Amino acid sequence: MKELNPLLHSQLRLGVMSILMTVDEADFVYLKEKTESTAGNLSVQIDKLSTAGYIEVEKGFAGKKPRTVCHITNQGRLAFEEYVNALKEYLNLS
């Protein structure tokens, strides 16, 4: 059996990746609301996903307010798909 990707096995990182698999982009506020996480914890997990090359993070401004937008990368999409397939193997679904 394939080993589950430890980077994606975290509940919050998996949640962020799941959301980003279904949208073109998501801003920090949206991800925070959908994952019901704290800003500090979400920020740390986004940094980990970005460092791994799974997501791209764009920082800018919407008017005078800072805005952080995340996009999944091709590498992130592949890693997520591999994680789901490995999980299916554990569940005997493939």
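Helices α2 and α3 cross in a right-handed way in this predicted model. Helix α2 covers residues 28-35 and helix α3 covers residues 39-51, and their axes come within 10 Å and cross at roughly 110°. That angle makes α2 roughly perpendicular to α3. On the α2 side, the contact is made by F28, L31 and K32, while α3 brings A39, L42, S43 and I46. Sorted by class, this contact of α2 with α3 has 5 nonpolar, 1 polar and 1 charged residues.

Now to the loop that links these two helices. E36 lies between α2 and α3, and its phi is positive, about 55°, although E36 is not a glycine. Is E36 buried or exposed? With a relative accessible area of 74%, E36 is exposed.

Helices α1 and α4 pack with their axes 11 Å apart, at an angle of about 115°. They are therefore roughly perpendicular to each other. Here α1 passes α4 in a left-handed crossing. From α1, the residues L14, M17, S18 and M21 meet G76, R77, F80, E81 and Y83 of α4. The contact of α1 with α4 divides into 5 nonpolar, 2 polar and 2 charged residues.

Here are the two pairs side by side:

| Helix pair | Crossing angle | Axis distance | Handedness |
|---|---|---|---|
| α2 and α3 | roughly 110° | within 10 Å | right-handed |
| α1 and α4 | about 115° | 11 Å | left-handed |

Next, the inside of the protein. In soluble globular proteins, nonpolar side chains tend to be buried together. The largest nonpolar core here has 22 residues, and M17, L31 and L49 touch the most other members. Which elements give two or more residues to this core? They are α1 (11-22), α2, α3, β3 (65-72) and α4 (74-90). Helix α1 gives the most, with 5 residues.

If you pick out L31 in the structure and leave aside its neighbours within four places in sequence, you'll find L31 in contact with V16, I19, A26, L42, I46 and C70.

E3 counts as exposed, at 69% relative accessibility. Not counting residues up to four places away in sequence, E3 touches A86 and Y90. How far is E3 from G60? The two are 57 residues apart in sequence, and their C-alpha atoms are 37 Å apart in space.

Finally, step back to the whole protein chain. The chain has 4 helices and 3 strands, and from the N terminus on, the elements run α-β-α-α-β-β-α. Along its principal axes, the C-alpha trace spans about 50 × 25 × 20 Å. Of the 94 residues in the chain, 35% are buried. What about contacts between residues at least 6 apart in sequence? Among those, 54% join residues at least 24 apart.

Technical notes: Residues are numbered from 1 along each chain as its sequence is written. This is a predicted model: local features need pLDDT of at least 70, side-chain atom pairs count only at pLDDT 80 or more; totals for chains, interfaces and linings use all residues. Side-chain values use heavy atoms; hydrogens and water are left out. Axes are lines fitted to C-alpha atoms, for helices over the stretch in contact, and angles run from 0 to 180 degrees between N-to-C directions. Angles under 35 degrees count as roughly parallel, over 145 as roughly antiparallel, 65 to 115 as roughly perpendicular and the rest as oblique. A crossing is left-handed if the near helix is turned anticlockwise from the far one by less than a right angle, and right-handed if clockwise. Contact means heavy atoms within 4.5 Å. Ala, Val, Leu, Ile, Met, Phe, Trp, Tyr, Cys and Pro count as nonpolar, Asp, Glu, Lys and Arg as charged, and the others, Gly among them, as polar. A nonpolar core is a set of buried Ala, Val, Leu, Ile, Met, Phe, Trp, Tyr and Cys residues joined through side-chain atoms within 4.5 Å. Buried means under 20% relative accessible area, exposed over 50%, partly exposed in between (1.4 Å probe, protein chains only).
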